[in-house]
Amino acid sequence: MKIWVDADACPRPVKEIIYRAANRLKIKTIFVSNQPLKIPSSDFLSFKHVAGGLDVADGYIVEEMAEGDMVITADIPLAARVIEKQGFALNPRGQLYTKENIGYFLSIRNFMDDLRSSGLNGTGPPPLSQKDRQNFANQLDQFLQKHLQR
């Protein structure tokens, strides 16, 4: 099992949680971004720089991931593609996307996208809170403990 991180929009505090978890549990973790990214030196952490462009990092992750891998992303369409490929997806606020709930999240995302396209300017998501960080850390830890025991 590997962890893949859609790193372009991943908040720094979440990256730091991932660094610690990958090193503690010795899990190969790949950060994918179209922007340069400095990560700590580790046998378990690596960075893949991809070309700029819409969904290039997403495409790379889906192409390279294997069944059972975990992908950290706030991108719901990417999460859906990961789940189709029998992977797991977790967002930076600690929400685990599953076969059972991804359709709901996709429809909400599409509905909000339609509202924005029609000229309704809403606000984006609230800033990442300490509670969100804790939820992410807890969900990641629970998932990894469960799946590493297999």
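The following legends describe several views of one predicted protein model.

Because the model is predicted, local features are described where pLDDT is at least 70 and side-chain atom pairs count only at pLDDT 80 or more, while totals for chains, interfaces and linings use all residues. Residues are numbered from 1 along each chain as its sequence is written, and side-chain values use heavy atoms, with hydrogens and water left out.

**View 1. The protein chain as a whole.** The secondary structure comes to five helices and six strands, where helices (H or I, at least four residues) and strands (E, at least two) are DSSP runs numbered from the N terminus. Read along the sequence, these elements follow the pattern β-α-β-β-α-β-α-β-β-α-α. The radius of gyration of the chain is 15 Å, close to the 15 Å that the globule rule gives for 150 residues, so the chain is as compact as a globular protein of that length; this radius is taken over C-alpha atoms, and the rule is 2.2 Å times the number of residues to the power 0.38. Of the 150 residues, 37% count as buried, a word that means under 20% relative accessible area, whereas exposed means over 50% and partly exposed lies in between (1.4 Å probe, protein chains only).

**View 2. Strands E1 and E2.** Strand E1 and strand E2 (residues 29-33) pair in the parallel sense over four bridges, and two strands are said to pair if DSSP finds at least two bridges between them. Within this pairing, Ile 3 stands opposite Thr 29 in E2. In a regular strand the side chains alternate between the two faces of the sheet. Both faces of E1 are covered, with Ile 3 and Val 5 buried on one side and Trp 4 and Asp 6 buried on the other. In E2, Thr 29, Phe 31 and Ser 33 are buried on one side, and Ile 30 and Val 32 are buried on the other.

**View 3. The largest nonpolar core around Val 5.** A nonpolar core is a set of buried Ala, Val, Leu, Ile, Met, Phe, Trp, Tyr and Cys residues joined through side-chain atoms within 4.5 Å. The largest one here has 23 residues, and those with the most contacts inside it include Val 5, Ile 18 and Phe 31. Helix H1 (12-25) is one of the elements that give two or more residues to this core, and the largest share, six residues, comes from H1. Leaving aside residues up to four places away in sequence, Val 5 touches several residues, among them Cys 10, Ile 61 and Ile 72, where contact means heavy atoms within 4.5 Å.

**View 4. Helix H3 and its two ends.** At the start of H3, a side-chain oxygen of Asp 75 reaches to within 2.9 Å of the backbone nitrogen of Leu 78. The buried residues of this helix (residues 76-84) are Ile 76, Leu 78, Ala 79, Ala 80, Val 82 and Ile 83. After H3 comes Gln 86, whose phi is positive, near 70 degrees.

**View 5. Two loop residues with positive phi.** Lys 26, in the loop between H1 and E2, has a positive phi of about 60 degrees although it is not a glycine, and at 59% relative accessibility Lys 26 counts as exposed. Asp 55, in the loop between strand E3 (45-49) and helix H2 (56-64), has a positive phi of about 65 degrees although it is not a glycine, and Asp 55 is partly exposed, with a relative accessible area of 42%.

Methods:
A polar contact is a pair of N or O atoms within 3.5 Å; within protein, one must be able to donate a hydrogen and the other to accept it, and residues adjacent in sequence count only if both atoms are side-chain atoms.
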